[in-house]
Amino acid sequence: MTLKIGVIGTGMIGRDHTRRIQNVLAGAQVVALSDYSSEAAKAVQADLAPDATVHATGQELIAANTVDAVLVCSTGSTHEDYVLAAIEAGKPVFCEKPLATTAEGAKRIVDAEVAAGKRLVQVGFMRRYDSGYVALKDAVVNNTGAPIMVHAAHRNPAVPEQYVTPMAIHDTFVHEIDVFRWLLDDDYVSARVTFPRSCAASHAKLRDPQIVTLTTAKGVVINTEIYVNCKYGYDIQCQVVGEDGVAYLPEPQAIKMRLGAKFQNEILTDWKDRFVASYDVELQDFIKAAAEGTATGPSSWDGYMAAVTCDACVEAQEAEGSAIIISNPERPALYN
Ligand code: ISE
């Protein structure tokens, strides 16, 4: 069976996912496209999916009986409505982060999915599919002994002028929020943020860097440095300290060189390149489950918990240095 997919939002990631489905992955075909700019949708149709139909709205695409499953890649503020419409139509839906722009919105999606009685939503938290994080989880489960601490860093070389302090949580740290819940099989109970002096490349509306400390229900303390003007590269670091040893997230593969009297190892600079392989794996996973009318992988519950934690972290930024308690709502059986 070939799964017929409709893609809503044909900007950078929507175009790239369309390319993946058409040229790289097995078992699916893009049959419908939609974007607030119909020109953008038509450009992707011409370049990658000549047999796809272009729909005036995302809602129309979801309702089309040619569409079996939906990819939501549009701007974040539109996600909630599209995901709810897909659930209502009983169609599996892959949604890029954020699942919704508020925790309440994400909860509405959880409620709708629970009412539908089966998993239909996969959230685009692709780090869970990265081979490095998969190996790290394996080491944490099998080698290090029970985790006690995590030290991590999320560094971007630079960010645009519109990037302001809360975005370091909602746009950047959200990946760590999700991947550490998964890595440690744990939930967060508190968040605290401290700020060193801001770096010279920052500006009035961005306090950069910052250090977020999360404590989990099992008592693990996670320290993450978020530094989005680090200049030298896109660098994701993580080490897990356990009862018996320490496990490190592998560095991306790079050629080591002895050159010009230096021992060198290239560092990536663009975040789009860092987890590129994991996008293939996550979408293939979506296609496999959607062909059976369901979804696996990061769930709307995970999207909701990420939103709850993001809100707490932003509150912790405002409360500089004070811990904010995170309350964990009861997890519906659908997500156990
Ligand atoms: C971006 O949206 C991402 O997803 C990247 O992983 C992150 O590093 C970057 O800061 C975000 O803007």
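This is a predicted model: local features need pLDDT of at least 70, side-chain atom pairs count only at pLDDT 80 or more; totals for chains, interfaces and linings use all residues.

Residues are numbered from 1 along each chain as its sequence is written.

**Stop 1: the domains.** Colour domain 1 (3-127 + 277-298) and domain 2 (128-269 + 306-335) separately; the bounds come from an automatic or database domain assignment. Their C-alpha centres lie 27 Å apart. Across the boundary, 21 residues of domain 1 are in contact with 15 residues of domain 2 (contact: C-beta atoms, placed from the backbone, within 7 Å). On the domain 1 side, select α5 (103-116) and α9 (276-290), each of which supplies at least two of the touching residues. Helices (H or I, at least four residues) and strands (E, at least two) are DSSP runs, numbered from the N terminus.

**Stop 2: the sheet.** Next, show the open, mixed sheet of seven strands, ordered β12-β11-β7-β10-β9-β8-β15 (strands pair if DSSP finds at least two bridges between them). Zoom in on β9 (210-216) and β10 (221-227), antiparallel and joined by six bridges. There, L214 has I222 in β10 as its bridge partner.

**Stop 3: the ligand.** Which residues are around the ligand? Select N156, D171, T172, H175 and W271 (near means a C-beta atom, placed from the backbone, within 6 Å). Now highlight helix α7 (167-184): three residues of the shell come from there, the largest share.

Technical notes: Two residues are in contact if their C-beta atoms, placed from the backbone, lie within 7 Å.
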